[in-house]
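Visitor: I'm new to this one. Can you put it on screen and walk me through it?

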Amino acid sequence: MFKCAVATMLSDQLEEARSRAEAILSRPGSAQDIRNSVSAVANISLPPSAKYRHITAETMLVENSVGSNKKEAMASLQKLSTALNILEKYGSNLTSPSRPKYWRTVKHNNPVFRATVDAIHGGRGVLCLYGYTNQQADGLSFPEDVTEPDVAKVAAVTLEVMSLRTELDMLIKDTHPHPEFFERIIPSLTQKDDDNGLSSDALVISPSSEKPWERLARRRCLRLSPLSPPPRPPSQQVSSCPTPL
């Protein structure tokens, strides 16, 4: 009963923070106001499955995380965070009163697009949510009959993109209040790094920490055995066979 009450309270907080942030993103506002509103959403103690309703956050996290330990997983999540940062800019351009001249299209040959958004799973899906639903030979575009983007919807999607990137940045910097939300989705985040390749029972002994008798034993083990004497000439060789009668 208590857990249900807490979940309901957090859901109400999320809706309130979401509405406030979407309103700020839908109209011209200060960068500080935007950061504060996004941070309010990102810091609500709900897992991605309960927090994100437009973007497929869990699927993006799973499909873009690689590696068998925490270090490798974090590196892949950093790549995802970079792509989300570019997706933020696409969304912000669409909600801006002074949209760029070529806002209707996203070209595949754009080097930034290719290196970030198109290099992750789910990047084009976010662009589709923005309104880029027409697949062309050289990119994506808005349908011809659409004269203006749906600013309210773009703001809602952009908020989630910004919130997920904020959560990833906190996770990477080890400041996320609930890293367990992500560890449940990406088990490799709980695996310790193994950079030196040594097994857990390997023991490295520093020569300076050896006892005198240990150092002497080690030197004896490393000492080369004496060389075998050279073979005798044939006339001097001793035969092990009996002399014929």
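Guide: Here is the predicted model. Start with two helices: the axes of α7 and α8 come within 8 Å and cross at roughly 150 degrees.

Visitor: Roughly parallel or roughly antiparallel, then?

Guide: Roughly antiparallel, because the crossing angle of α7 and α8 is over 145 degrees.

Visitor: Which residues make the contact?

Guide: From α7, Val126, Leu129 and Tyr130. From α8, Lys153, Val154, Val157, Thr158 and Val161.

Visitor: How many of those are nonpolar, polar or charged?

Guide: Six are nonpolar, one is polar and one is charged.

Visitor: Stay on α7. Which of its residues are buried?

Guide: Gly123, Val126, Leu127 and Tyr130. Seen down the axis of α7, they fall within an arc of 100 degrees, so they line one face of the helix.

Visitor: What do they pack against?

Guide: The buried residues of α7 pack against several elements, including α4, α5, β1 and α8.

Visitor: And what comes just after α7?

Guide: Gly131, with a positive phi of about 130 degrees.

Visitor: New topic. Where is confidence highest and lowest?

Guide: Highest in helix α7, at a mean pLDDT of 98. Lowest in helix α10, residues 212–222, at 51. The protein averages 84, and 78% of the residues score at least 70.

Visitor: Which stretches stay under 50?

Guide: Residues 195–209 do, and the model has five contacts for them beyond four places in sequence. Residues 234–245 do as well, with two such contacts.

Visitor: How should I read those parts?

Guide: Where pLDDT is low, the predicted coordinates should not be read in detail.

Key:
Residues are numbered from 1 along each chain as its sequence is written. This is a predicted model: local features need pLDDT of at least 70, side-chain atom pairs count only at pLDDT 80 or more; totals for chains, interfaces and linings use all residues. Side-chain values use heavy atoms; hydrogens and water are left out. pLDDT is the predictor's confidence in each residue, from 0 to 100. Helices (H or I, at least four residues) and strands (E, at least two) are DSSP runs, numbered from the N terminus. Contact means heavy atoms within 4.5 Å. Buried means under 20% relative accessible area, exposed over 50%, partly exposed in between (1.4 Å probe, protein chains only). The arc is that of the directions from the helix axis to the C-beta atoms. Axes are lines fitted to C-alpha atoms, for helices over the stretch in contact, and angles run from 0 to 180 degrees between N-to-C directions. Angles under 35 degrees count as roughly parallel, over 145 as roughly antiparallel, 65 to 115 as roughly perpendicular and the rest as oblique. Ala, Val, Leu, Ile, Met, Phe, Trp, Tyr, Cys and Pro count as nonpolar, Asp, Glu, Lys and Arg as charged, and the others, Gly among them, as polar.
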